[in-house]
Amino acid sequence: MRASIEPKDSWTAAELAAYDGTDYDGPILLGADGLVFNVWKGRHFYAPDGPYHAMAGKDASRQLAKNRLDDDEDYPEDDGKPLTLAEEAALQAWVFSFKTKYDVVGKLEYAKD
């Protein structure tokens, strides 16, 4: 199966970027709250013409928490402030949903400053 991918202990942002849905039949990775999901089962959402393509191949935690897409002109640019309790709860709801639908293939490795 082309869309499967071997789980790893951790994934970097650069590694996620290679799985952004441009290969429609391949794996599509998405980071959320420190986990990496293979969302290929929802490829019609995450492939280049899909409504959530802006989240494919990257850490989408803030987008999910704020229920917005980075390329959505209806919302101001993300200010980078810490998430509110409501946003944290929204993120946890998305992660719970993803865990029921998609395979967790590792953890997201955050860059060290």
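**Asking why: a loop, a sheet and a helix**

Colleague: Where does Asp-79 sit?
Modeller: Asp-79 is in the loop between α3 (61-65) and α4 (85-101). Keep in mind that this is a predicted model.

Colleague: Why is Asp-79 called partly exposed?
Modeller: Its relative accessibility is 49%. Buried means under 20%, and exposed means over 50%. Asp-79 falls in between, so it counts as partly exposed.

Colleague: What makes Arg-62 and Lys-66 contacts of Asp-79?
Modeller: A contact needs heavy atoms within 4.5 Å. Asp-79 touches both Arg-62 and Lys-66, leaving aside residues up to four places away in sequence.

Colleague: How do you know that Asp-79 has a polar contact with Lys-81?
Modeller: The side chain of Asp-79 reaches the backbone nitrogen of Lys-81 at 3.0 Å. The cut-off for such a pair is 3.5 Å, so this one passes.

Colleague: Arg-68 is in that loop between α3 and α4 too. Why is Arg-68 called buried?
Modeller: Its relative accessibility is 10%. The limit for buried is under 20%, so Arg-68 qualifies.

Colleague: Which residues does Arg-68 touch?
Modeller: Not counting residues up to four places away in sequence, Arg-68 touches Gln-63, Tyr-75, Pro-76, Glu-77 and Asp-78.

Colleague: What makes the phi of Asn-67 worth a note?
Modeller: The phi of Asn-67 is positive, near 50 degrees, and the residue is not a glycine. Asn-67 also lies in the loop between α3 and α4. At 46% relative accessible area, Asn-67 is partly exposed.

Colleague: Now the sheet. What is the order of its strands?
Modeller: The order is β1-β4-β3-β2. The four strands form an open sheet with mixed pairing.

Colleague: Why are β1 and β2 called edge strands?
Modeller: β1 (10-11) and β2 each have a single partner strand. One side of each is therefore left without a neighbour in the sheet.

Colleague: How do you know that β2 and β3 pair?
Modeller: Pairing takes at least two bridges. Four bridges join β2 (residues 29-32) to β3, and the two run antiparallel. Gly-31 has Val-36 as its bridge partner in β3. Ala-32 is bridged to Leu-35, and Leu-29 stands opposite Asn-38.

Colleague: What makes β3 and β4 a pair?
Modeller: The test is again at least two bridges. β3 and β4 (residues 103-108) have four, and they run antiparallel. Leu-35 stands opposite Lys-107 in β4.

Colleague: Which way do the side chains of β3 point?
Modeller: Leu-35 and Phe-37 point one way from β3 (residues 35-38), while Val-36 and Asn-38 point the other way. All of them are buried. In a regular strand, side chains alternate between the two faces of the sheet.

Colleague: What joins β2 to β3 in the hairpin?
Modeller: Two residues lie between the strands, and Asp-33 there takes a positive phi near 50 degrees. Asp-33 is not a glycine.

Colleague: Which residues of α4 are buried?
Modeller: They are Glu-87, Ala-90, Leu-91, Val-95 and Phe-98.

Colleague: Why are the buried residues of α4 said to line one face?
Modeller: Seen down the axis of α4, they fall within an arc of 140 degrees, so they line one face of the helix. Residues three or four places apart in an α-helix point the same way, because there are 3.6 residues a turn.

Colleague: What do the buried residues of α4 pack against?
Modeller: They pack against β2, β3, α2 (43-46) and α3. α4 lies across β2 and β3, at about 45 degrees to β3. On its other side, Leu-85, Ala-86, Phe-96, Lys-99 and Thr-100 are exposed.

How values were computed:
Residues numbered from 1 in each chain as written. Predicted model: local features only at pLDDT ≥ 70, side-chain atom pairs only at ≥ 80, totals over all residues. Heavy atoms only, no water. Buried < 20%, exposed > 50% of the residue type's maximum accessible area, 1.4 Å probe, protein only. Polar contact = N/O pair within 3.5 Å; in protein donor to acceptor, adjacent residues only side chain to side chain. Axes fitted to C-alpha atoms, helices over the stretch in contact; angles between N-to-C directions. Arc of directions from axis to C-beta.
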